[in-house]
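Please view the sequence and the 3D structure before reading on.

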Amino acid sequence: VQAEPAAVAEAAEALRPSATFVITDANVLPLWGEGLAAALQAAGLGPRATVVLTPGEEHKRLAAVERCLTAMVEAGADRDALVIGHGGGVVTDIAGFAAATLLRGVRWVAVPTTLLSMVDASVGGKTGVDLGPAKNAVGAFHQPSAVVIDSAQVGTESLRGYRSGLAEVVKSACVGDRSLFEELAADVEGALARTPGVVEELCLRSVAVKAGIVSRDERESGERALLNFGHTLGQVVKMKPGA
């Protein structure tokens, strides 16, 4: 968990890529995009191309992946390229899948900007898009080379979005961290306050639960199914927002 765009540049530098490509969306770019681009530029890794996606789950489609791939191929991406997914869960899902399919697979770094993407979407290597009404029907397991989290960025997301992220934290606590569950139950208002230090602790402990399970069952052949706890009902409600 880091608080500066320089941490992303440091992670990228360590991977020694031939070029970087940033995938973000129109909500994140004006808030956080300039700092990230400047940090990469200072490290000599200024993005060769930046793809700005339309925000929203309804745009998590193959067309968005094709747009990313086209931009990267046209900019001369090779197999040493590095894709940086900077945004919420939709962005990191699309960026990861684009990285998985570009030239049969290149490296990528997740830079999540919402609590839900920090504790769930950016961790575990599940990437993909929706197909018709089928949620995440097309995708690949493709682990990020790094995940860089800035807990202060949750300050710009909506209350509804932040609460969705907290629901995922509660799920992780139920699955693998009883003391975290008890702490959340005892201080709900503290969790809702979005204090960076508190958010950082929530992220670290939630990610520890998920990463531990994924390390033992990457492709969901057994124990990883626990991480779907609550998702079936949640996805039905998301796909039918009036429900």
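This is a predicted model: local features need pLDDT of at least 70, side-chain atom pairs count only at pLDDT 80 or more; totals for chains, interfaces and linings use all residues.

Residues are numbered from 1 along each chain as its sequence is written, and side-chain values use heavy atoms, with hydrogens and water left out.

Q: What is the radius of gyration of the chain?
A: The radius is taken over C-alpha atoms, and the globule rule is 2.2 Å times the number of residues to the power 0.38. For 243 residues, a compact globule would be near 18 Å. The chain agrees with that, at 17 Å.

Q: Which percentage of the residues in the chain is buried?
A: Buried means under 20% relative accessible area, exposed over 50%, and partly exposed in between, with a 1.4 Å probe and protein chains only. Of the 243 residues, the buried share is 45%.

Q: How many disulfides does the structure hold?
A: A disulfide is a covalent bond between the sulfur atoms of two cysteines. Here the term stands for a pair of cysteine sulfur atoms within 2.5 Å. For Cys 174, the closest cysteine sulfur, in Cys 203, is 17 Å away, too far for a bond. The number of disulfides is 0.

Q: Is Cys 174 buried or partly exposed?
A: Cys 68 is buried, with a relative accessible area of 0%. Cys 174 has a relative accessible area of 41%. That makes Cys 174 partly exposed.
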